[in-house]
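Welcome! Here is a short tour of one protein model, meant to be read with the structure open beside you. Take your time and find each part as you go.

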Amino acid sequence: MSKSGHQPRAGGLKSEQAVIGMVSLGCPKALVDSERILTRLRAEGYGISPDYAGADAVIVNTCGFLDTAKAESLQAIGEALRENGKVIVTGCLGANPEYITGRHPKVLAVTGPHQYEQVLDAVHMAVPPIPDPFIQLMPSTGVKLTPRHYAYLKISEGCNHKCRFCIIPDMRGRLLSRPGHAIMREAEKLVESGVREILVISQDTGAYGLDRKHDHGIWKGENLRSHIVDLARALGEVGAWIRLHYVYPYPHVRDLVSIMADSKSGLLPYLDIPFQHAHPETLRRMARPAAGTKALDEISKWRRTCPNLAIRSTFIVGYPGETEEEFETLLDWLQDAQLDRIGCFKYENVEGARANAMPNHVPEEVKRERRERFMQKAQAISAGKLAKKVGTVQEVIVDEIDGDGIATCRTKADAPEIDGCLFIDSNTDDLKPGDILQVKIDEANEYDLWGQRLDASCGAPFTDIPASR
Ligand code: SF4
């Protein structure tokens, strides 16, 4: 689309649907990006305008390869601002937002190449879609691969760390946080569509907003800072269980735990923290974030604030250079930490990871033997923790009911797929996935619980129950 190429758009569209224009500059890769963005917008029910006048907002997909291409991009942005006024910039030049906002401060948003989600967030903000079941190909929540009652919500992409065993920062780039209002809108839509539990994910959830310098946005007329503590507090009010994954033990986690301690908040008393190891030398060799943290001290502070906090973590055994003494430190640490859910991986090389070239790789049979010892310890801890739940009352969410009438549920301490289950084998006729109810625990093994329903009233998500661990 260019000014000279203006064509009248299809009559009547504007009154029926939001319409977006696209100026696509640069190479075929940029063109494919433009096509993908337009495809997503069409699937959401947006119309596409061939000219500025017919568009409610315009996306300019820029090129920044050569100086002439940069100049052309800036010129195209200027033209779109003059002719339409609502302009979202994406593409290669968007990798340097200040370069664009310095010349064109009135653009609504700037995103980098391949950042489809961010472009769509910006479009939703500038021109909210008008729901129309006859033209909208996708549900407002997008296509979900999870059951209807829970959903994953990604709050950022990429990671600023450089753990030596990981290639995610090379593949996905540095931390890029979504605007708070876009996350909140998605969370609300999920709840409206019947989701009862939202699993917040990213590579580094605790770092949310760092790249945005924790800027302030507006959500429903209120100030919303792009910081995980503020975001978690806001999410805790959307009317669903909110579960945080991939949080590192940064100092501000204490503020998150304070919110979790408030039984009226939807923020579950659950932290998924991938500690990976406990020996300071191993952590240093791994180049882990927050490697210097005194994790045991932090854990006991969190538990003082929120006694029913469930902590899940994963660990790597047999990392290059791991000595028997380092491994035993890890086992002792596990005993002291008494985590609620524990997973363990044997170290393996990943193509492109810096750890591959490290000296003193641990022989395969030693890694295997250490994993077995680790799992024995983890199992014993888990069995002891679950045994203490027998006789308590837990609020649970129903995941499914099988043909024999056995309901598979989860407590607040259990995330789907990775943690344990709670089974109810009687009085389940009226239950359905997503129901939330109270259960008295009467049996436990190393990983799972069994119990009986206490109430027949399903669906009240935030019933207060006494702390039970
Ligand atoms: S393992 Fe380390 S580098 Fe990889 S995503 Fe997590 S924090 Fe980032």
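Let's begin with a pair of packed helices: helix 9 and helix 11 cross in a right-handed way. Please keep in mind that this is a predicted model.

**Helix 9 and helix 11**

- Helix 9 covers residues 253-260 and helix 11 covers residues 295-305; they pack at an angle of about 25 degrees, and their axes are 9 Å apart.
- Angles under 35 degrees count as roughly parallel, and so helix 9 and helix 11 are roughly parallel to each other.
- On the helix 9 side, Arg254, Val257 and Ser258 make the contact, while helix 11 brings Lys301, Trp302 and Thr305.

**Helix 12 and helix 13**

- Look next for helix 12 (residues 324-337) and helix 13 (residues 364-387), which pack at an angle of about 10 degrees with their axes 10 Å apart.
- That angle makes helix 12 roughly parallel to helix 13.
- Helix 12 contributes Phe327, Leu331, Leu334 and Gln335 to the contact, and helix 13 contributes Arg370, Arg373, Phe374, Lys377, Ala378 and Ile381.
- By class, the residues of the contact of helix 12 with helix 13 are six nonpolar, one polar and three charged.

**The sheet and its helices**

- Five strands form an open sheet in the order 2-1-3-4-5, and their pairing is parallel.
- Strand 2 (47-49) and strand 5 (109-110) are the edge strands; each has a single partner strand, so one side of each has no neighbour in the sheet.
- Strand 4 (residues 87-91) runs parallel to strand 5 and is joined to it by two bridges.
- If you find Val89, look across to strand 5 for its bridge partner, Val110.
- Helix 3 (residues 67-83) packs on the sheet and touches strand 1 (19-24), strand 3 (57-62) and strand 4; the direction of helix 3 makes about 175 degrees with that of strand 3.
- Helix 5 (residues 116-126) also packs on the sheet, touching strand 1, strand 3, strand 4 and strand 5, and its direction makes about 175 degrees with that of strand 4.

**Around the ligand**

- Which residues surround the ligand? They are Cys159, His161, Lys162, Cys163, Cys166, Ile168, Pro169, Gln203, Asp204 and Pro289.
- Sorted by class, this shell has six nonpolar, two polar and two charged residues.

Methods: Residues numbered from 1 in each chain as written. Predicted model: local features only at pLDDT ≥ 70, side-chain atom pairs only at ≥ 80, totals over all residues. Near = placed C-beta within 6 Å. Nonpolar A, V, L, I, M, F, W, Y, C, P; charged D, E, K, R; others polar. Axes fitted to C-alpha atoms, helices over the stretch in contact; angles between N-to-C directions. Helix = DSSP H or I, 4+ residues; strand = E, 2+ residues; numbered from the N terminus. Parallel < 35°, antiparallel > 145°, perpendicular 65-115°, else oblique. Left-handed = near helix turned anticlockwise from the far one by under 90°. Contact = placed C-beta atoms within 7 Å. Pairing = 2+ DSSP bridges.
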